[in-house]
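Let us go through the helix packing in the model shown here, one question at a time. Each answer ends on what was asked for.

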Amino acid sequence: MHFSCRVLGLSFSSASCRLAAAVCCHCLKVYRSLLLTVSSMASSSTSSVQKSYKYDVFLSFRDEDTRKNFVDHLYAALELQGIHTFKDDERLEKGKTINDELLKSIEESKFYIVIFSKNYASSSWCLDELVKIMECQKAIEQIAYPVFYDVDPSEVRKQLGPVGEAFAGHNNKGEVGKWREAMKEASNLAGWDLRNTADGHEAKVINKIVKKISLELRFVNLEVDRKLIGMESRIEDIVSFMEMGIEDVRLIGIKGIGGGGKTTLARAVFDKICFSFEGKSFVENVREVSKPLIFGLRSLQEQVLFNVLNNRSFSIGSVHDGKSVLRKMLSGKKVLLVLDDVDHLDQLEALAGGLDWFKPGSRIIITTRDEQVLVAHGVKWIRDVNLLSQDEAMCLLSRYAFGRDIPVQMYKELSLKVVHYAAGLPLTIRVLGSFLCGQNELEWVDAIERLKTIPLKETLEKLELSYTGLEDDYKEIYLDVACLLKSWKKDDAIRALESCGFHARNGLRVLEQKSLITISPDLELGMHDHIEEMGQNIVRRCDPDEPIRHSRLWIRGEIEDVLTKDLVTEVTKAIAIQINSSYGEENLGYEILTKGFGNMKNLRFLHVDSDTRDWPAKIGVGQNFPNALRFLSWRRYPYCSLPKTFQANNLVALQISSSIIKQLWEDGETKVSAKTLL
């Protein structure tokens, strides 16, 4: 006898049939339980996905009662606040069947505002709308709000008074029952009784309605993108920093590395608080749009006016004129303005020139990579954007790669490698997560291995914008730090850079303000892994396989390749090499080392760090050094003196600590001042 289990995919002989039956009985229970779990998860996942709507609000009203007064004013106020509203005379396309079009518009709206008036119930059209609205509210996540314009809520609920009289004109008993029930349900919802709200002032009631809908839409919008990780605490930090209860004008700067989430954070804060302001504008990509300096800034000024003044178009003759117009038109409104990716003071002066441009209570958020732009404009409140923690990064990667909050078990170790590579940078995680989604394990391994030699292009392009905006000498300092000086003490780095002719103190300050370097509390130079990778890629990318053409050398294998070939190069400007106890003389002898250095005619910086005492001291002098050297540092220099051919006419700094050197040159010759010795 033969028995098989389809669930487990196992086969049993006749001798074990009884055991097989027991196993399969248990297996079937587990299988059914698993199916229920999966089904539940799928249902939960489906329900958690929010439906997107064509309209924010659908207005239901009786034309002859309210269209030319309350409804028109309400519609205008909603639209001015950026709330996409359906009103049949504004939205219906000619040639469409009006009934089908209206029903579809109801289904495609998130909120409903039903304006009950004395003659509302006399229209079968309005009542059919109401029935559909109440069906949608009960079935999905749509919400209806009643407004009792010139009737009492109890009259609508019980169909008494003018409402009852309006109903009396309907003869279709089958429809009347549904209509009455819909009116009863709608009248029990929370809403606004115009006669008992704000002393009956229509304008004040409309403001309350608009504020309520704006607040509801804010919660909807914040929930739309589930791939935003760790955003809530970051939003709260910025909002508390803004001190919304204080009636002053405040400029807030958010600074940080490119791809670090500044724009995402600013957008999330904007969406959270914009309903509290009388005017709002989110100006994206200021740096990019303003590149054609005159026309670009002018178009941005027009955009701010258009947004803040509720879609009123302005034509500005010049940037100078635009400043005057902005000051005049914005000073009467409590404004929320976001200027995203600012990189030049001119941009701030054109778009938010002074505190007197804005009404008290206004808030202006500026995102930038360059802190100096904020400082120069007098921005007192500045926040650094925090990169993702490892847990946040893992969650973000998982959502993009697997559609869930944690990685699939078999990809956990690979996911950790990706997270380690990204080093907290949201842009890198999103790009890699999207790329790796649906890939098999071997493809993940291949992608991770590729990153070791070929940096992620999309990330580097974003980061390199900070580099391209630097002055030429600051670019050189940045490349020196990325390739040679990372982890050096600040004072040591300044000494080395100044020896090479750079204005290092200002240079490092500029790099720090542009988020290209960091300086730790113990004054050590730091740099995000991708910023370091970008600098090294800039040096190597034109000729990646020909290190003799690189301006800086720091990779041991490439240095060995260049020096042992005994080739003359005028390209290499700086070298940093570390020799440790596992790196034997048979690979790269000191004679070859110093002789090879002599071939680098424009070498200005040489740093050799040896941590081994095992190499024997060399009797005599070193082979050669190029006369262009300005900074020479060699810990445990193995010779008794420097090469006689080394003139040192350009040498500014000489560091030869822990060395056996007895005199700088043979026969006690002096070629450098005591000031040069460090």
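Predicted model: local features only at pLDDT ≥ 70, side-chain atom pairs only at ≥ 80, totals over all residues.

Q: Which residues in α24 do K490, I494, L497 and E498 in α23 meet?
A: Helices (H or I, at least four residues) and strands (E, at least two) are DSSP runs, numbered from the N terminus. Contact means heavy atoms within 4.5 Å. On the α23 side the partners are K490, I494, L497 and E498, and on the α24 side they are A504, R505 and L508.

Q: How are α23 and α24 oriented to each other, oblique or roughly parallel?
A: The axes of α23 (residues 490–499) and α24 (residues 504–513) come within 9 Å and cross at roughly 120 degrees; they are lines fitted to C-alpha atoms over the stretch in contact, and angles run from 0 to 180 degrees between N-to-C directions. Angles under 35 degrees count as roughly parallel, over 145 as roughly antiparallel, 65 to 115 as roughly perpendicular and the rest as oblique. The two helices, α23 and α24, are therefore oblique.

Q: Which residues of α23 are buried?
A: Buried means under 20% relative accessible area, exposed over 50%, and partly exposed in between (1.4 Å probe, protein chains only). The buried residues of α23 pack against the helices α22 and α24 and the strands β14, β17, β19 and β21. They are A493, I494, A496, L497 and S499.

Q: How are α18 and α19 oriented to each other, roughly parallel or roughly antiparallel?
A: α18 (residues 412–422) and α19 (residues 426–436) have axes 9 Å apart and pack at about 150 degrees. With that angle, α18 and α19 are therefore roughly antiparallel.

Q: Which residues in α19 do V418, Y421 and A422 in α18 meet?
A: The residues of the contact of α18 with α19 divide into 6 nonpolar, 1 polar and no charged. V418, Y421 and A422 supply the α18 side, and the α19 side is made of T428, I429, L432 and L436.

Q: Within what arc do the buried residues of α18 fall?
A: The buried residues of α18 are L414, S415, V418, V419, Y421 and A422. They line one face of the helix, because seen down the axis (the arc is that of the directions from the helix axis to the C-beta atoms) they span an arc of 160 degrees.

Q: Which exposed residues does the face of α18 turned away from its buried side carry?
A: The buried residues of α18 pack against α17, α19, α20 and α25. The face turned away from them carries E413 and H420.

Q: Within what arc do the buried residues of α20 fall?
A: In α20 (residues 441–451), W444, A447, I448 and L451 are buried. What covers them includes α17, α18, α19 and α25, while L442 and D446 are exposed on the face turned away. The buried residues line one face of α20, since their arc is 95 degrees.

Q: What is the relative accessibility of L425?
A: L425 lies in the loop between α18 and α19. Leaving aside neighbours within four places in sequence, L425 is in contact with residues including I257, L387, T459, L463 and H530. The C-alpha atoms of L425 and S389, 36 residues apart along the chain, are separated by 9.5 Å. L425 counts as buried because its relative accessibility is 0%.

Q: Which residues does D529 touch, not counting those up to four places away in sequence?
A: D529 lies in α25 and counts as partly exposed, at 36% relative accessibility. Its C-alpha atom and that of G424, 105 residues apart along the chain, are separated by 9.8 Å. The residues that D529 touches are A423 and K486.

Q: What percentage of the residues of the chain count as buried?
A: The chain has 27 helices and 21 strands. Of its 678 residues, the share that counts as buried is 49%.

Technical notes:
Residues numbered from 1 in each chain as written. Heavy atoms only, no water. Nonpolar A, V, L, I, M, F, W, Y, C, P; charged D, E, K, R; others polar.
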